[in-house]
Amino acid sequence: MSLVPLGHRLLIQPQKLEEVDNAYKAAKAAGIILQESTERLQQTAVDKGVVIDIGPTAFKDFGGEPWCKIGDLVAYARYGGKVIKDPYTQEEYLVLNDEDIICKFTKE
């Protein structure tokens, strides 16, 4: 992994738009091409992803235990964070402040 979150930030791999929006998936399958700016805006509206890494001071300001760990599926503040592209793999990630994590999903 070439991306390491610093300070109180988390590295999230957002779910792909095709994974959560059936209308987008159908449009893409039908050959409808969205402008890159529209596609990027729609992708940033996806508010779920998997925690890939956690910065060394994340959750320290809140006391107690961290409320998520690496591998958890979490929801985060919509339009929060910064999209970062890994220069080696070209995979896109999201870097968020720890306070932007609003819940985690469990199977219970």
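From the N terminus onward, the secondary-structure elements of the protein follow the order β-α-α-α-β-β-β-β-β. Three helices and six strands are present, where helices (H or I, at least four residues) and strands (E, at least two) are DSSP runs numbered from the N terminus. The model is predicted, so that local features need pLDDT of at least 70 and side-chain atom pairs count only at pLDDT 80 or more, whereas totals for chains, interfaces and linings use all residues. Residues are numbered from 1 along each chain as its sequence is written, and side-chain values use heavy atoms, with hydrogens and water left out.

The protein has 108 residues, of which 27% are buried; buried denotes under 20% relative accessible area, exposed over 50%, and partly exposed the range in between (1.4 Å probe, protein chains only). The accessible surface comes to about 7200 Å², and carbon and sulfur atoms account for 54% of this area. Accessible areas were computed by the Shrake-Rupley method with a 1.4 Å probe, and for residues only the protein chains shown count as cover. Of the contacts (heavy atoms within 4.5 Å) between residues at least 6 apart in sequence, 71% join residues at least 24 apart.

Strand β3 (residues 73-76) pairs with strand β2 (residues 48-54) in the antiparallel sense, over three bridges. Pairing requires that DSSP find at least two bridges between two strands. Within this arrangement, K48 stands opposite A75 of β3. An antiparallel pairing over three bridges also joins β3 to strand β6 (residues 101-104), and here V74 has K104 of β6 as its bridge partner.

The loop between β2 and β3 contains D72, a residue that counts as buried because its relative accessibility is 10%. A polar atom of the D72 side chain lies 2.9 Å from the backbone nitrogen of K69. When neighbours within four places in sequence are set aside, D72 is in contact with G49, V50, V51 and K104.

Rings of Phe, Tyr and Trp (its six-membered ring) pair if their centres lie within 6.5 Å; planes under 30 degrees apart count as stacked, over 60 as edge-to-face and the rest as tilted. By this rule, two aromatic pairs were found. F59 and W67 form an edge-to-face pair, with 4.5 Å centre to centre and 70 degrees between the planes. The pair of F62 and W67 is tilted, with 5.0 Å centre to centre and 55 degrees between the planes. F59 counts as buried because its relative accessibility is 3%. W67 is partly exposed at 33% relative accessibility, and F62 is likewise partly exposed, at 41%.

A disulfide is a covalent bond between the sulfur atoms of two cysteines. A search of the whole structure, with a disulfide taken as a pair of cysteine sulfur atoms within 2.5 Å, finds zero disulfides. As to individual cysteines, C68 is buried, with a relative accessible area of 5%, whereas C103 is partly exposed, with a relative accessible area of 33%.

Key
Polar contact = N/O pair within 3.5 Å; in protein donor to acceptor, adjacent residues only side chain to side chain.
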